Amino acid sequence: HDPKESNAYANGVGEYWINRDIAIKTANELKARGFRVGILEREIGAKSIDTAFVNENFKGASLVELHNNAGPSANGILALRGNQQNDNAFGMTLVKNLSASSGMKIFAGGLQNISDGHGAKFVNGLPNLNNSLVELGFLTNAGDVQKIRANNGYNVVMGLTNGFLESRGHQKINSLISMQKTNMLTQYNQQKTNLQNAVANAPKKNTGKTVAAEKGKGKGRNA
């Protein structure tokens with residue numbers, strides 16, 4: 001989805017932005033491990049990527065398109081079922097690794113039949129690649145959103161990375177080397193608390209230093 005599609009927002013998260021962030025982080029991890037990686041983004045307003053171009057110029061590559069689902073009470077991860085068995089196997093490998101690392105459940109057995117033309121064009125239109133379209137949880141489910149965003153996306157990036165590695169016959173990993181397992185909001189709140197405590201416990205000083213600083217404002221180099 002492009003960022004202007006208002007129907008792709010729920011629980012304070014935009015489908016375009018969250019998946020773009022996850023894609024960049026996963027690409028950085030795979031690059032750090034010596035893989036040649038690229039990110040494909042369709043033009044704003046376009047319904048899909050140029051599958052003919054991708055199919056011709058990226059032969060033998062593994063490609064995943066990230067989306068999110070929506071539903072009144074559903075939650076979990078799935079991939080779209082295609083015509084090629086190797087694509088379905090790739091999709092299930094991604095889904096299982098994502099579920100294991102993020103804690104999200106596997107929805108509908110992990111593979112779901114294609115219900116729209118865009119999905120069919122992507123999943124079945126790239127016979128020269130090993131590809132899958134993954135629905136990375138339901139944005140309408142607060143629990144799924146929390147799991148996607150946990151540790152700044154670390155868990156999801158771990159699942160996608162291991163999905164790629166396993167599908168290509170490489171050993172899976174236990175930790176990422178391109179990012180730390182840190183909840184950025186928790187880290188920010190802790191830093192804020194530390195700063196507040198430091199200010200509260202700081203020894204009281206007279207205002208002379210402040211006045212001097214005000215008098216000297218505009219002189220010398222900026223910090």
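I began with strand β4 (residues 77-81), which pairs with β5 in the parallel sense over four bridges. The model I am reading is a predicted one.

I then looked up individual partners along this pairing. I77 stands opposite I106 in β5. For R81, I found N113 as the bridge partner in β5.

β4, helix α3 (residues 85-102) and β5 make up a β-α-β unit, and I noted its hand as right-handed.

I widened the view to the sheet. Four strands form an open sheet, and I recorded their order as β3-β6-β4-β5, with mixed pairing. At the edges I found β3 (62-69) and β5 (106-113), each of which pairs on one side only. From one strand to the next, the twist averages 25°.

I turned to the helix packed on this sheet. Helix α1 (residues 15-32) lies across β3 and β6 (130-138). I noted that α1 runs at about 145° to β3.

Last, I checked the aromatic rings. The count comes to four aromatic pairs. One of them joins F53 and F58, with 6.5 Å centre to centre and 70° between the planes.

How values were computed
Residues numbered from 1 in each chain as written. Predicted model: local features only at pLDDT ≥ 70, side-chain atom pairs only at ≥ 80, totals over all residues. Heavy atoms only, no water. Pairing = 2+ DSSP bridges. Helix = DSSP H or I, 4+ residues; strand = E, 2+ residues; numbered from the N terminus. Axes fitted to C-alpha atoms, helices over the stretch in contact; angles between N-to-C directions. Contact = heavy atoms within 4.5 Å. Right-handed = clockwise from strand over helix to strand, strands pointing away. Phe/Tyr/Trp six-rings, centres within 6.5 Å; stacked < 30°, edge-to-face > 60°.
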